Amino acid sequence: MSKDKVSEWSSIAANNTDIAGINIAEGCAPSGINNAIRELMAQVKDMQAGTDSDNFTVGGNLTVTGTTTLTGAATAPTPSASDDSTKIATTAFVKDVALPDTSGNGIVARTGALTVANRTITAGTGITVTNGDGVSGNPTIAFANPLTLGTSQSASGSSIDFTGIPSWVKRITVMIAGVSTAAAGTARIRIGTSSGIVTTGYVGGNMTNTQTPTNVATSLSASPEGLGAFSTTDGNVLVNGTYVITNVTGNTWISSGMVYRTNDGIGMYSNAYIALGGTLDRVSVVATTSTFDAGTVNIIYE
């Protein structure tokens with residue numbers, strides 16, 4: 001058979017008696033040797049240029065010092081977790097080897113030998129995650145439940161209401177500054193659900209201290225109709241203080257607070273709790289026997 005490309009040459013020297021049909025056997029014509037050398041150079045050039053469609057096998061290491069361009073498919077043995085001889089060991093090659101397809105976009109995690117899976121950053125309690133899979137950009141993580149200040153309200157009318165409190169809220173602070181009522185009466189701190197403010201079912205008590213230069217008089221009473229209560233005598237008595245309402249478990253809430261009447265030196269303390277029939281979403285400061293005529297009320301929730 002005429003040996004027209006390198007792959008048809010024989011590794012046994014004695015079998016190479018022609019090249020492209022040119023006789024190079026023992027005793028051949030001198031011109032055959034000249035022609036054979038020329039043909040040999042042509043076949044090696046075709047192999048180097050890749051124009052002879054011949055296969056090329058490297059039995060040892062192949063070192064490339066320039067840029068390598070692949071115009072066809074490249075096939076490599078499947079790496080084995082236990083066989084070091086089939087692993088790609090150098091960083092230069094690893095960075096160009098495709099990971100197994102996860103059939104999805106986003107963050108990819110290695111879950112085992114030659115095994116990957118799509119993953120996404122998910123939000124935990126009190127955390128929000130934007131673009132958790134990274135497809136549209138870098139994931140961002142933020143506190144979901146920051147300290148939030150409500151909109152302050154002037155104390156007027158029979159109640160001061162704060163609604164739309166988020167379901168994740170676990171603590172609410174009611175802040176009272178310079179509040180008074182038009183006539184002597186009592187104000188109460190109440191909470192509620194989407195069904196409305198709850199007026200009954202509160203359990204707790206109030207303590208009032210009246211301080212004079214020589215003694216402190218204390219009076220105690222139950223805390224009906226609210227998580228906290230404070231009294232005023234008329235519009236000249238200004239009440240200042242805070243009530244902290246905290247979630248115990250489920251829909252059960254407990255409150256502790258203290259206010260001080262700046263005009264007559266009376267301090268009032270309240271502690272109470274209630275189990276609501278649903279999720280808290282509102283707080284109200286209610287004037288039960290008069291109306292508010294001065295001051296500011298606001299809340300902070302978290």
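Begin by selecting strands S16 and S17 in this predicted model, where the two strands form a hairpin with two residues between them, and look in the turn for Gly250, which has a positive phi of about 55°.

S17 and S18 pair in the antiparallel sense over 10 bridges, with Thr252 opposite Ala275 in S18.

Now colour the two faces of S17. In a regular strand, side chains alternate between the two faces of the sheet. The covered face of S17 holds Trp253, Ser255, Gly257, Val259 and Arg261, while Thr252, Ile254, Ser256, Met258 and Tyr260 make up the uncovered one.

From there, select Phe230, whose contacts include Val259, Met268, Tyr243 and Ile176. Phe230 is also listed among the residues with the most contacts inside the largest nonpolar core, a set of 33 residues, to which strands including S16, S17 and S18 each supply at least two residues.

Finally, move to helix H1, residues 30–49, and select Gln43. Is Gln43 buried or exposed? At 2% relative accessibility, Gln43 counts as buried. Its side chain reaches the backbone oxygen of Lys3 at 3.0 Å, and a polar contact of 3.0 Å joins the side chains of Gln43 and Trp9. Other residues that Gln43 touches include Val6, Ile19 and Asp52.

Notes
Residues are numbered from 1 along each chain as its sequence is written. This is a predicted model: local features need pLDDT of at least 70, side-chain atom pairs count only at pLDDT 80 or more; totals for chains, interfaces and linings use all residues. Side-chain values use heavy atoms; hydrogens and water are left out. Helices (H or I, at least four residues) and strands (E, at least two) are DSSP runs, numbered from the N terminus. Buried means under 20% relative accessible area, exposed over 50%, partly exposed in between (1.4 Å probe, protein chains only). A polar contact is a pair of N or O atoms within 3.5 Å; within protein, one must be able to donate a hydrogen and the other to accept it, and residues adjacent in sequence count only if both atoms are side-chain atoms. Contact means heavy atoms within 4.5 Å. A nonpolar core is a set of buried Ala, Val, Leu, Ile, Met, Phe, Trp, Tyr and Cys residues joined through side-chain atoms within 4.5 Å. Two strands pair if DSSP finds at least two bridges between them. Lists of a residue's contacts leave out its neighbours within four places in sequence.
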